[in-house]
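Please examine the sequence and the model together while reading the account that follows.

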Amino acid sequence: MNENENTETPASDRDLSNAPDMIVCEGVSKWYGDFQALDEVSATIKEQEVVVVLGPSGSGKSTWIRCINRLEHHQEGRIEVDGIELTNDLRNIEKVRSEVGMVFQQFNLFPHLKVLDNVTLAPIWVRKKPKAEAEEQAAALLERVGIPEQADKYPGQLSGGQQQRVAIARALAMEPRIMLFDEPTSALDPEMIKEVLDVMKELALSGMTMMVVTHEVGFAKEVADRIIFMDDGQIVETGTPEIFFSNPTEDRTKLFLSQIL
Amino acid sequence: MSDLNTTGVEGTVTIKPAPETPKLPPREWLKENLFSNKFNTLLTLFSAAILLMISRGLLSFIFNPERQWGSTSTNLRLMMTQAYPEEQYIRVWVSVAVIFTLVGASMAIWNAGSRVTLRRLGSFLLSSGVVIDILTLLAPFSGQAKIIWLIIGSAVSGAGGVLLRVSDKDKDISSLTLVVATLAAAILSLWIVPFGHHSFVFERTPRSMAETGTVALTTKLPWTIMVVIGILAYFLGKIVMNRFPSKNLRPTIIGIWFLTPPTLLYLVLRDPDFDMGHVLNTDIPIFLIFAIAGGALLSWFTRPTTGEIGRVCAALVLLAGFGMFFTPMRMIIRILMLLLATFALAAPTFAGDSKTRRRYVLAWLGVSGIITWLVTAVNTPSTIEVPGDFFLGGISLTLLVAIFTIVISFPIGILLALARTSKMPIFRILSTWFIEFVRGIPLITILIFFSIMVPLFLPKGMELSEVSAIVIGYSLFSAAYLAENVRGGLQSVTRGQHEAAEAVGMTTSQKTFFIVLPQALRVSIPPLVGHCIGVFKETSLLAIIGLFDILYIARNVIPNQTEFLGSTRENLLFVSLIYFFFAYQMSKASQRLERRVGLGER
């Protein structure tokens, strides 16, 4: 990761104050039975912004990110994605989902389909793209994530890192405006983490709006515009990586950083 | 992005083959696996004793001079097709020829067969020769027969031994060649040995009236032709595959396989008495109206830009379909309307570019055409005159009912399983009730109900033969069980798969059709095949409602013939062999299928 620091401007130096809002959360709360997973979470994410969500496990990071494309339903507050409010209206959900790409911790590739078909399925049937066009695009995306030669294999024949890169290509094939990453490297062997993070870095530099739940501090320092630290379902502290890591204000943040750094 | 392919993690890895497990010489193999300690030795001896006693009992049953095997061989035709008229028998052979052609072509197109090393073949022959010899010693043969069989066994062993000695380690032979060789040997034996006359196995005066060689005489030429046709079809398939390789080849063959049973039944075997005037004036015009209007409607529904109005219209078609189904009018109109409603309901799922839409409309034309033809065929009387309720009996009736039941109950069962796991309460409750109700009733009750009661309840203008009614009842019964098997598969699809499909924006039906069902069905292959085998075997209950299935013939018909009074046990043994043959083939096919679809999994 060192070679990038010399050649490219850190993403956090960009000025995004004039960019339009992409994701707006106001007082989002969610309960699982009696357990409150999210407690009045409010945040605004700008277009092209890269936000890394940190926090101890069970702090509600994943729940929050999954609420944003309505894999989980929030019970109070409002979430607006690109101007569309998430309600029970099926049409809104489908519209939001086709604009928001999601990458999962466990990859969740479709094991019965070849890699190429994993990537083309949604463009063909959801976006109604002609098959030839979708395949051309898929080939280009697989090239972009660095595994063009694996198109005819099944997911089970690939390594974890390769599978996660296919999952990124699958999400990108829908041409989303926002990408959500839910602990994308947590299920990977250490030597495969870098290849996935490299792809995510490239994506961030290309101007994609990204929300990343991760434990990769190096990635957060290098790529994030903003860090959001969560604990007990609440946002405890937000800030640019420089300030967040060197000079945190809250005690809980300090405790967390002392444990992971 | 150029520096992404950095590490050597994903480079092609050269795999070093695992060292071969050294093969133990026979003596040590025996010692290690059968006589490794005192307890195992005891167990081995005990099992061997039991095995010997069973074999001896079975052999002395089979080769007992009291046995009337002539009752089986003389009545082979009765067991195959019951009273199908002699002068029309060419129709049966044509059907068999069609099936052999398809089998041959499919084997070529699916690259059936594997390589068998000559050493494996050699050791197989060696051990089977030894088994033959042992069985001969156990069997109650007279001196001469015993010597003949001992010679045969030793010859087989010897051939195996020679193969083991002579052949290289890596020399192999196609398993298809072996199958053809076996078939050829069987047919050659038809030409040489006068089957249908049973005294050749042991000396005694035949008590039966069986003519010498009846079976061989009537079937040796047809069977030879069948095998030749199968081989020719295989090579034809190979040629077609090499000359015109096409993605559509396999789907086409699968389609033909699905069309074959109704075609053979309604066009070839049943020899329908079509009223051409009626067909031209009513059936074809009705079909054309539905084909054209329905095609246009579906083409509009599947256009991505149609949107909300299309969904509303599709819902209206669905309502109209159900409404019309319960209104008295021509059956064909009701069924086509219901079919159109189903297609309309699924249309938003398959909306897409012009190619996709054309394919959807073509599917509609194909399915509606087949359904029209089937309904017409069912309502056309047969010209084949036989005593009894149905023109077929024996194994062909068994297979017919089993095949139709399995094919019909599959889609119904899948729909029931989907309904039972659906979020919509009405579907869920209705499906659960149906499944639990049907599973709570004995199959015999359902068969009796459908054969006696249903024809009374049918609306005017609708006729159903007894066998059709039974197939429908049996299909509903089978679908309820099948649904539970499929539901198990549905539940095995992980939440992550659902979420991944939802996250890329798929609708519920797209998710079900493209992601969930393929994985669920793959997981359910073993229980589904087990279910199919069950359906096949339980067709023997047809005897209870007065149809002549093979078990009924073996148990009640043949033992009552004056020549073969009391020959129940022989025929039951033979029939159980036939059941076993088909069930075992299904089981084998399922294993192959599991291997094939397991491809993507590590």
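**A guided reading of the model**

In chain B, helix 5 (90-109), helix 10 (249-269) and helix 15 (394-420) each contribute at least two residues to the nonpolar patch. Helices here are DSSP runs of H or I with at least four residues, strands are runs of E with at least two, and both are numbered from the N terminus. The model is predicted: local features need pLDDT of at least 70, side-chain atom pairs count only at pLDDT 80 or more, and totals for chains, interfaces and linings use all residues. Residues are numbered from 1 along each chain as its sequence is written, chains are lettered from A and ligands numbered from 1 in the order in which they are written, and side-chain values use heavy atoms, with hydrogens and water left out.

The nonpolar patch covers about 640 Å² of surface and is made by B:Ile99, B:Val103, B:Met107, B:Ile254, B:Trp257, B:Phe258, B:Ile403 and B:Val407. Patches consist of residues with over 30% relative accessible area and no salt bridge; like charges are joined within 9 Å, and nonpolar side chains (Val, Leu, Ile, Met, Phe, Trp, Tyr) within 5 Å. Accessible areas come from the Shrake-Rupley method with a 1.4 Å probe, and for residues only the protein chains shown count as cover. B:Ile254 counts as partly exposed because its relative accessibility is 41%; the classes are buried under 20% relative accessible area, exposed over 50%, and partly exposed in between (1.4 Å probe, protein chains only).

The surface also carries a patch of positive charge, in which A:Lys131, B:Lys247, B:Lys355, B:Arg358 and B:Arg359 gather.

Chain B as a whole has 23 helices and two strands. Its C-alpha trace spans about 85 × 80 × 50 Å along the principal axes, and 39% of its 602 residues count as buried.

Attention may now turn to paired charges. Over all chains, 29 salt bridges are found, each being a side-chain nitrogen of Lys or Arg within 4 Å of a carboxyl oxygen of Asp or Glu. A:Arg66 takes part in a salt bridge with A:Glu72, where the closest N and O atoms are 3.0 Å apart, and both of these residues are buried. A:Arg66 also meets B:Glu499 in a salt bridge, at 2.4 Å from N to O. This pair crosses between chains, from B:Glu499 in helix 19 (residues 495-503) of chain B to A:Arg66 in helix 2 (residues 61-68) of chain A. B:Glu499 is buried, as is A:Arg66.

Within chain B, B:Arg439 and B:Glu484 form a salt bridge whose closest N and O atoms are 3.8 Å apart. B:Arg439 lies in helix 16 (residues 425-439) and B:Glu484 in helix 18 (residues 466-492), so the pair ties together parts that are 45 residues apart in sequence. B:Arg439 is partly exposed at 33% relative accessibility, whereas B:Glu484 is buried at 16%. Both residues belong to a network of salt bridges that links B:Arg420, B:Glu436, B:Arg439, B:Glu484 and B:Arg487.

How many disulfides does the structure hold over all chains? The number is zero, a disulfide being a pair of cysteine sulfur atoms within 2.5 Å. For A:Cys67, the closest cysteine sulfur is that of A:Cys25, at 8.4 Å, which is too far for a bond. A:Cys67 is buried, with 0% relative accessibility, while B:Cys313 is partly exposed at 23%.

A:Glu183 lies in the loop between strand 7 (178-182) and helix 7 (190-205), and its relative accessibility of 12% makes it buried.

How values were computed:
Lys and Arg count as positive and Asp and Glu as negative; His and the chain ends are not counted. The place of a charge is taken as NZ of Lys, CZ of Arg, CG of Asp or CD of Glu.
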